[in-house]
Amino acid sequence: MAENTTLIHGRYELIEQIGRGGMGQVWRARDEALGRQVAVKCLQPLGGAQRDEEYLRSLRERFRREARVAASLQHRGITVVHDFGEYDGTLYLVMELLDGQNLSEILTARQAEPLPEPDIADIAHQVAAALAYTHAQGVVHRDLKPANVMRLADGTVKILDFGIARLAHDIGLNAKLTSTGMAMGTPHYMSPEQISGAAVDHRSDLYSLGCVLYELATGAPPFDLGDPWAILVGHRETPPEPLRAVRAELSPSLERLILGLLAKDPADRPEDAADQARRLVLEAARAETGAPAPPGRAAQPHARPEPLPPWTRGMRPGSRASGAWS
């Protein structure tokens, strides 16, 4: 995209760059047709790919396919995709503009201090419910991490960038390379089967969710080692340290959920993670108010999350628009 371009297809006026990362640029923009503010995320192929017309044609078709998948997802816990296309050599997605902070920013603002358990349970419930919905549609995220989960000012939690991780791999973006040239992805949150190059399905997302929740609960990912290779070996071969050994006040129920998600064998990970997390929310609400919890019921993948319990009132993260891709 040209440096002086401020209007895409005569409709989206780029107002302010609000994020930049391995996945490209993120802009606060105005949709002139509908008179609303949106987020525009821009991708540009790198290196020699720009000169390979056959590759670019294949890339455009892949982009359209992935963007349609992302746009088809309709759930409270997933960022809405409004539009997509190509302009002046740049592939772009138009998405809802979010007011909140991603989980990585929240942890940074807290200087890696763990979150209160009720907050962790609430985030776990909302993310697991959104994953259950997308997995029922046959869609796997593949890059779930704190930077891709945003908590809005009203407490709603949304997953960012569904369907984009595979596209980024095709374009050649966001590859973190070792000295041997191996693409590492995001090693702190990769499942053992991703690391091994085995087939990846929805259960890989569950493992990544376990890594995210472990970090929220303890202040660090389960295998927080300086050497990327040591991190990968940890995911594949080392049992994570029990959460209550790090933070004794955590409930056995929360520890059981997170360690279950971190099972090395995908078959051992819980399929009912959303329901387990929902029960944690109800237990936290009961402990806070002293009232008995309502009878449990199985969570449906498309169900709207329960209203935030009383202890979340006033817990508003700092306001910021949708974050950069990383």
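**Close-up views of a predicted model**

The structure holds two aromatic pairs. The model shown in these views is predicted.

**View A. Phe63 and Phe84 form an edge-to-face aromatic pair.** The ring centres of Phe63 and Phe84 are 6.2 Å apart, and the planes stand at 75 degrees. That angle is over 60, so the pair counts as edge-to-face. Phe63 belongs to helix α1 (residues 53-72) and Phe84 to strand β5 (residues 81-87). The pair therefore ties together parts that are 21 residues apart in sequence. Phe63 is buried, at 2% relative accessible area. Phe84 is partly exposed, at 24%.

**View B. Strand β8 pairs with β7 and with β9.** Strand β8 covers residues 149-152. Val149 and Arg151 point one way from β8, Met150 and Leu152 the other, and all are buried. Strand β7 (residues 100-102) is antiparallel to β8, with three bridges between them. Asn102 has Met150 of β8 as its bridge partner. Strand β9 (residues 157-159) also runs antiparallel to β8, again over three bridges. Here Val149 is partnered by Ile159 of β9. Four residues lie between the strands in the β8 and β9 hairpin, where Gly155 takes a positive phi near 95 degrees.

**View C. Glu193 is a buried residue of helix α5.** Helix α5 spans residues 192-196. The relative accessibility of Glu193 is 7%. The side chain of Glu193 makes a polar contact of 2.7 Å with that of Arg269. Beyond its neighbours within four places in sequence, Glu193 is in contact with residues including Val200, Arg203, Lys264 and Pro266.

View D. The search of the whole structure finds 18 salt bridges. Glu16 is partly exposed at 39% relative accessibility. Arg28 is also partly exposed, at 22%.

**View E. Arg11, Asp31 and Arg36 are linked in a salt-bridge network.** The closest N and O atoms of Asp31 and Arg36 are 3.8 Å apart. Asp31 is buried, at 1% relative accessibility. Arg36 is partly exposed, at 32%.

View F. Glu61 is partly exposed at 38% relative accessibility, and Arg64 is partly exposed at 32%.

Key:
Residues numbered from 1 in each chain as written. Predicted model: local features only at pLDDT ≥ 70, side-chain atom pairs only at ≥ 80, totals over all residues. Heavy atoms only, no water. Helix = DSSP H or I, 4+ residues; strand = E, 2+ residues; numbered from the N terminus. Buried < 20%, exposed > 50% of the residue type's maximum accessible area, 1.4 Å probe, protein only. Polar contact = N/O pair within 3.5 Å; in protein donor to acceptor, adjacent residues only side chain to side chain. Contact = heavy atoms within 4.5 Å. Phe/Tyr/Trp six-rings, centres within 6.5 Å; stacked < 30°, edge-to-face > 60°. Pairing = 2+ DSSP bridges. Salt bridge = Lys/Arg side-chain N within 4 Å of Asp/Glu carboxyl O.
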